[in-house]
Amino acid sequence: MNWFLNILKKNKQEDTIPMKKFLIVGLGNIGSEYANTRHNIGFKVLDYIANQEGISFQTVKLGEVSELKIKGRTLLLLKPNTYMNLSGKAVKYWLEKENIEKENMLVITDDLNLAFGTIRIKAKGSDGGHNGLKNIQLLLNSTEYPRFRFGISDAFKKGQQVNYVLGEWDAEEKEKLKERLEISSEIVKSFALAGLNNTMNEFNRK
């Protein structure tokens, strides 16, 4: 009888274990003309991870999704196909569909206010003028979700912001991007395996 009670106790404990599922959102615009632009760094990070892990994306409702399983965790990699300004629609849908809490979501986005390649991981914050984050904030009615900001710098002349963010990486940036993408991949995995605070402590200095 003791063995049966132990099984019941174990099953009850397993039922109370928090779901180890994460939504990793890379922001960007769909279409080949945007593939190598600065604004699409979120897509680029997820594509890098998928290539690294030998997994592929499937076209699904409101985006493209790939699933990465690592050490007992399941990471859903999401590239919204709603265009940047409506990113929140895809984010809200997949959070609800997969029953994932906001604290288990990491949004990867470009940031004009950071020097190229600079990394800032935060637990919450404003949209910083970024239309993708602005729409996510609107539809989730919250600014309290983890985000990973990837610096693209503000090296553009007055009135040229749109052309700059939708422009392609220059030769020097492309070369440096290789190492930054590798670190970005480590950040995503660390977020799921080590948690947000440990990831911030480890990578915000890099």
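Reader: What is the distance between the mean positions of the positive and negative charges of the chain?

Author: The 31 positive and 25 negative charges have mean positions 4 Å apart. Lys and Arg count as positive, Asp and Glu as negative; His and the chain ends are not counted. Each charge is placed at NZ of Lys, CZ of Arg, CG of Asp or CD of Glu.

Reader: What kind of model is this?

Author: This is a predicted model, where local features need pLDDT of at least 70, side-chain atom pairs need 80 or more, and totals for chains, interfaces and linings use all residues. Numbering starts from 1 along each chain as its sequence is written, and side-chain values use heavy atoms, without hydrogens and water.

Reader: What makes residues 41–53 count as helix α2?

Author: A helix is a DSSP run of H or I, at least four residues, numbered from the N terminus. Helix α2 has 13 residues. Its ends lie 18 Å apart, first C-alpha to last, close to the expected 18 Å. That expectation is 1.5 Å times one less than the number of residues.

Reader: Which residues of α2 are called buried?

Author: Buried means under 20% relative accessible area (1.4 Å probe, protein chains only). Ile41, Gly42, Phe43, Val45, Leu46, Ile49 and Ala50 qualify. Across the chain, 47% of the 206 residues count as buried.

Reader: What follows α2?

Author: Gly54 does, with a positive phi near 70 degrees.

Definitions and conventions
Buried means under 20% relative accessible area, exposed over 50%, partly exposed in between (1.4 Å probe, protein chains only). Helices (H or I, at least four residues) and strands (E, at least two) are DSSP runs, numbered from the N terminus.
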